[in-house]
Amino acid sequence: MLAAGLCAGLLGAQPSSAAEGVRVHDIQGTTRLSPYAGQHVTDVPGVVTGVRTYGSRGFWMQDPRPDRDPATSEGVFVYTGSAPGVAVGDSVLVAGDVGEYYYGGAGSGGQSVTQLSRPDVTVLSSGNALPAPVTLDARSVPDRYAPDGDPAADGGIEGLTLRPRRYALDLYESLEGMSVSVTDAPVVGPSTPYYELWVTVEPHRNRTAGGGTRYASYSAQNGGRLKVESLTPVTQRPFPEADVGDVLAGTTTGPLDYDEFGGYTLAARTLGDVTDGGRAPERTRAQRRDELAVATYNVENLAPSDSPEKYERLATAVVDALASPDILAVEEIQDDSGTEDDGTVTAGETLRRFTDAIAAAGGPRYEWRLIDPEDGADGGQPGGNIRTAFLFDPERVSFTDRPGGDAVTGTEVVRAGRGDAALTYSPGRVAPADGAWEDSRKPLAGEFVFRGETVFVIANHFASKGGDEPLAGRFQPPARASEEQRVRQGEVVNAFVRAIEAADRDAAVVVLGDINDFEFSGTTRALTAHGALRTAVASLPPSERYTYLYQGNSQVLDQTLVSPGVGRFDYDIVHINAEFADQASDHDPQVLRFRP
């Protein structure tokens with residue numbers, strides 16, 4: 001954060017008066033908002049416990065003489081805007097303006113950070129002992145995540161008195177700016193290009209098979225998660241690479257911060273070492289001769305401009321990790337000019353490069369089917385025109401082509417013969433004119449034939465979660481505004497599936513793709529309504545139910561659902577990306593095997 005952007009997210013930016021004899025715990029107060037916001041304070045004592053020389057430059061100081069109120073933090077961040085002229089261990093007196101800074105702006109829904117800005121700093125002495133850090137572990141973090149917000153404040157929790165022994169978020173807020181430590185903390189979110197990783201201090205809560213932490217319901221937020229960053233610039237010490245299942249060994253210590261990209265963050269002045277937990281990417285078994293294998297994979301904005309290495313890694317995953325499925329629904333295929341916003345909507349070059357790479361990796365010579373979108377109508381990266389597409393192995397399965405479908409002309413269901421269903425267009429889009437698909441990808445439906453049996457496959461990429469309030473935000477429970485569109489999308493797909501089943505009650509229908517929602521969500525309930533579909537993820541042990549990882553929570557976003565006509569099936573989420581720092585995509589693929 002640069003000084004020029006300070007006021008954009010700062011509450012109390014214009015000081016109204018001066019206050020003397022104030023200590024840090026007075027500034028922090030017993031709620032999330034400082035009672036001194038908007039005031040200028042002088043001669044605030046403390047010992048410097050951390051210095052940040054990049055990003056939001058400044059330092060943390062902590063009062064070595066705490067009060068006895070567990071709700072009041074003894075630490076605070078001092079924003080300098082340039083390299084701070086202090087060092088860890090300095091005893092200081094600080095004058096400055098008290099404010100509440102919202103990373104990402106107040107409209108992001110995140111919590112604020114109490115801070116002093118425009119400081120005047122006097123160093124009294126150096127080399128002082130630091131206050132002992134507060135140990136965060138499974139015993140210290142409450143089971144309950146957050147209080148319910150005040151209805152009079154639109155569900156906000158900022159004005160509520162902190163109850164750190166009752167709620168995890170209140171505990172962290174009562175420690176904002178103070179030195180905390182974690183010891184031998186399991187890594188539950190891999191390191192990222194932004195030099196961060198996630199750990200948990202509750203290793204047994206909702207544990208996944210890979211050693212992560214599963215987001216199992218809206219009330220299973222996993223309050224033991226913390227983001228970890230290093231105060232040491234990466235030019236001086238590279239940030240460690242870590243996968244889920246590894247351990248941040250030893251003791252990691254530093255001030256407790258908060259930001260918009262993960263909530264409460266341990267800004268480590270002392271960073272532990274990563275020890276390898278042995279997690280390796282998985283491989284699924286090959287389908288048997290009489291089994292149809294249908295898979296889905298979000299290939300994360302695949303475009304012709306991507307490196308050969310990305311194509312090779314994705315292709316190798318299709319061949320080795322997914323065992324060359326018979327049908328592969330892919331999401332986020334960009335057009336032939338990538339993000340260049342030039343009106344291009346075709347994706348033949350993208351798919352040619354991908355299928356060539358699969359063949360070169362020893363896989364089948366896949367054919368493809370798709371419907372090109374209207375330019376700029378389906379969301380995603382500007383100019384990219386992402387869409388879903390079918391790849392299929394013509395040696396194992398055939399595609400029933402019925403031309404006529406396009407970006408705006410949807411396919412319909414008709415009866416074909418005695419007790420059979422058919423699509424008017426194959427491939428075809430499902431209800432592309434319905435308002436549910438505004439600025440979102442339209443489902444792609446197709447008819448396949450395997451060993452003489454017709455199988456309907458519907459590939460999806462539902463609307464994103466953009467605009468939802470964060471789990472660790474100041475509104476509790478957080479609003480999920482984006483879910484409304486996905487629920488409507490689920491209803492449209494459900495109605496289409498029921499139309500197929502009305503024409504053929506034994507029809508084999510597979511609905512799959514990036515649903516962008518959880519297995520326990522309203523979206524999934526809409527998809528499975530009236531018994532039209534059942535979700536395959538329910539067939540797995542709970543510890544295996546995740547395809548994506550967000551801020552240390554392993555969660556389901558990609559789903560496969562089947563009609564009753566599919567009967568028995570074997571389903572596998574193949575964990576090759578989400579848990580690993582080295583990713584070809586940010587999603588894990590999944591595969592369904594059954595005998596039509």
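View 1. Strand S31, residues 590–594, is mostly covered, with five of its five residues buried (buried is under 20% relative accessible area, exposed over 50%, partly exposed in between, with a 1.4 Å probe and protein chains only). Strands here are DSSP runs of E with at least two residues, helices are runs of H or I with at least four, and both are numbered from the N terminus. This is a predicted model, where local features need pLDDT of at least 70, side-chain atom pairs count only at pLDDT 80 or more, and totals for chains, interfaces and linings use all residues. Residues are numbered from 1 along each chain as its sequence is written, and side-chain values use heavy atoms, with hydrogens and water left out.

In a regular strand the side chains alternate between the two faces of the sheet. Here Gln590, Leu592 and Phe594 point one way, while Val591 and Arg593 point the other. S31 pairs in the antiparallel sense with S15 (residues 292–302) over five bridges, and also in the antiparallel sense with S30 (residues 569–573), again over five bridges; pairing takes at least two DSSP bridges between the strands. Look for Val591: it is the bridge partner of Ala295 and of Asp572.

**View 2. The largest nonpolar core.** This core has 32 residues, and Leu136, Tyr172, Val199 and Leu226 have the most contacts inside it. A nonpolar core is a set of buried Ala, Val, Leu, Ile, Met, Phe, Trp, Tyr and Cys residues joined through side-chain atoms within 4.5 Å. Among the elements giving it two or more residues are helix H2 (168–174) and strand S12 (247–259). Leu136 touches residues including Leu171, Tyr172, Val180 and Leu226, not counting residues up to four places away in sequence (contact is heavy atoms within 4.5 Å).

**View 3. Two aromatic pairs.** Rings of Phe, Tyr and Trp (its six-membered ring) pair if their centres lie within 6.5 Å; planes under 30 degrees apart are stacked, over 60 edge-to-face, and the rest tilted. That rule gives 15 aromatic pairs. Trp60 and Phe77 have ring centres 4.9 Å apart and planes at 50°, so they count as tilted. Phe392 and Phe399, with centres 5.8 Å apart and planes at 25°, are stacked, and both are buried.

View 4. Ring pairs link Tyr215, Tyr218, Phe518 and Phe520 into a cluster. The charged end of Lys465 sits over the Phe518 ring, 4.1 Å from its centre, and that of Arg480 over the Tyr218 ring, 3.6 Å from its centre. "Over" requires NZ of Lys or CZ of Arg within 6 Å of the ring centre and within 35 degrees of the ring normal.
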